[in-house]
Amino acid sequence: MKPLGPIPAGYGAVGGELAIGGRPASELVAESGRTPVFVYSRQHLDERIAQLRAALPNRVGINYAIKANSFAPVLHHMAGLVDGFDIASGGELAMAQAAGLDPARISFAGPGKRDEELEAAISAGVTLNCESGGEVDRALAIAERLGLTPRMALRVNPSFELRGSGMKMGGGAKPFGIDEAQVPGIARKILEAAADWRGLHIFTGSQALSADAIIETQGNVLDLASRLAAEIGASLPKLNMGGGFGIPYFHGDEPLDVAAIGSALGQRLRDLPENLRQTELCVELGRYLVGEAGVYLTRIVDRKVSHGTTYLVTDGGLHHQLAASGNFGTVVRRNYPVAIASHFDAEPAEEVYVVGCLCTPLDRLADGAMLPRAEVGDLVAVFCAGAYGANASPSAFLGQGPAAEMLV
Ligand SMILES: Cc1ncc(COP(=O)(O)O)c(C=O)c1O
């Protein structure tokens with residue numbers, strides 16, 4: 001038997017079934033007209049962001065990295081909740097614009113920005129978080145050709161990393177950002193070109209569950225930003241401090257202590273160096289804002305026993321839920337939180353393997369899980385599906401196509 005990850009707070013049963021946003025799973029599936037379906041809950045999004053705002057100092061804005069979930073209704077909803085959007089491509093720029101977000105509140109990071117993407121972002125008035133000296137040169141040349149003043153910040157590749165993060169984006173050689181030592185010279189070039197200097201972006205990693213590690217990194221980020229501002233010889237209008245706030249996916253994971261992070265940050269901000277006192281600050285978060293607000297519902301199409309092992313074969317799988325299958329950057333596969341949505345309040349009764357409908361042994365949603373008895377037609381729920389699910393999975397694989405998505 002292998003343990004399942006912890007079911008996020010806020011999910012309960014209605015009439016024995018899993019309820020999302022207060023509505024039973026079968027009703028949601030009937031409304032979607034098909035399975036599999038990703039269901040995202042407004043209530044979860046609202047509560048998560050309200051809790052985070054209460055924990056963080058008022059001065060620190062919340063940016064949403066839309067790579068985590070760019071479903072248009074989610075973006076529309078988030079536009080009313082967060083202070084800014086972070087995008088990573090021209091495609092995401094179009095999505096952010098369609099969601100009606102003020103371009104002045106959008107910033108664009110990501111290595112390998114094409115000239116067309118730079119042009120679209122400069123024309124829209126979006127801030128470029130430039131990832132190299134070469135990108136700065138291209139952006140300045142494009143802006144000159146367009147006769148526009150580009151809004152430009154520099155993404156720094158810091159010499160430190162975020163301890164314990166699932167994906168490290170700093171500390172040594174990286175394709176992301178500009179090495180600390182090169183930042184002052186490149187920043188001065190932006191200032192000399194009379195571009196709209198927007199400051200620095202320092203993103204060190206993602207999916208950290210240790211508040212201490214995040215507190216340490218935020219301290220390092222503020223120290224580095226102050227030192228670089230001094231070396232550049234200009235103040236920073238804005239500092240994007242990055243994020244890295246994780247969510248519990250696996251057995252034994254504990255929720256992040258955001259109250260501890262907020263209070264430590266509050267302390268730091270009270271004795272901020274002079275050259276950061278006027279700087280606008282924000283954190284940049286993806287999964288922490290949306291991950292637990294989403295549930296993937298898939299239907300059991302077959303129940304079979306092979307060599308004594310029971311398989312629940314669903315109509316979903318890794319083509320929608322690559323991360324839950326264990327194939328999105330994890331070394332050892334562990335179970336996400338999974339439940340039988342049709343019998344959410346029933347006791348576990350048997351050990352089963354929940355698999356997807358793809359003919360590959362990689363397509364697993366839960367291994368050796370203790371779950372209530374389930375039959376063909378019942379619904380399975382995979383939690384923590386609000387981030388890096390629908391838009392980070394190979395939905396075209398085997399001609400399956402994307403899942404339905406809905407915001408309730
Ligand atoms: C620059 C940048 N911003 C934001 C994120 C979002 O990270 P998360 O969803 O873990 O908060 C990432 C993730 O890789 C990133 O690279």
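Helices (H or I, at least four residues) and strands (E, at least two) are DSSP runs, numbered from the N terminus. The model is predicted: local features need pLDDT of at least 70, side-chain atom pairs count only at pLDDT 80 or more, and totals for chains, interfaces and linings use all residues. Residues are numbered from 1 along each chain as its sequence is written, and side-chain values use heavy atoms, with hydrogens and water left out.

**Exercise 1. The ligand site**

Task: Find which residues surround the ligand, and sort the shell by class.

Solution. 
- Step 1. Start with the neighbours, where near means that a heavy atom of the residue lies within 4 Å. The ligand is surrounded by A65, K67, R155, M169, F203, S206, Q207, E284, L285, G286, R287 and Y388.
- Step 2. Sort them. Ala, Val, Leu, Ile, Met, Phe, Trp, Tyr, Cys and Pro count as nonpolar, Asp, Glu, Lys and Arg as charged, and the others, Gly among them, as polar. The shell has five nonpolar, three polar and four charged residues.

**Exercise 2. Polar contacts and cover**

Solution. 
- Step 1. Now the cover. On its own, the ligand has 390 Å² of accessible area (Shrake-Rupley method, 1.4 Å probe), and the protein covers 94% of that.

**Exercise 3. Around β16**

Task: Which strands do bridges join to β16 (residues 294-306), among them β4, β21 and β17, and in which sense do they run?

Solution. 
- Step 1. Recall the rule: two strands pair if DSSP finds at least two bridges between them. Strands of a sheet pair through backbone hydrogen bonds, either parallel or antiparallel.
- Step 2. β4 (residues 37-40) runs antiparallel to β16, with four bridges. F38 has Y296 in β16 as its bridge partner.
- Step 3. β21 (residues 379-382) is also joined to β16 by four bridges, antiparallel. Here R299 is partnered by L379 in β21.
- Step 4. β17 (residues 309-314) and β16 share six bridges and run antiparallel. I300 has T314 in β17 as its partner.

**Exercise 4. The open sheet**

Task: Give the strand order of the three-stranded open sheet, and name its edges.

Solution. 
- Step 1. The order is β1-β2-β3, with antiparallel pairing.
- Step 2. β1 (12-14) and β3 (23-24) are the edge strands, each pairing on one side only.
- Step 3. β2 (residues 17-20) pairs with β3 over two bridges. A19 stands opposite P24 in β3.
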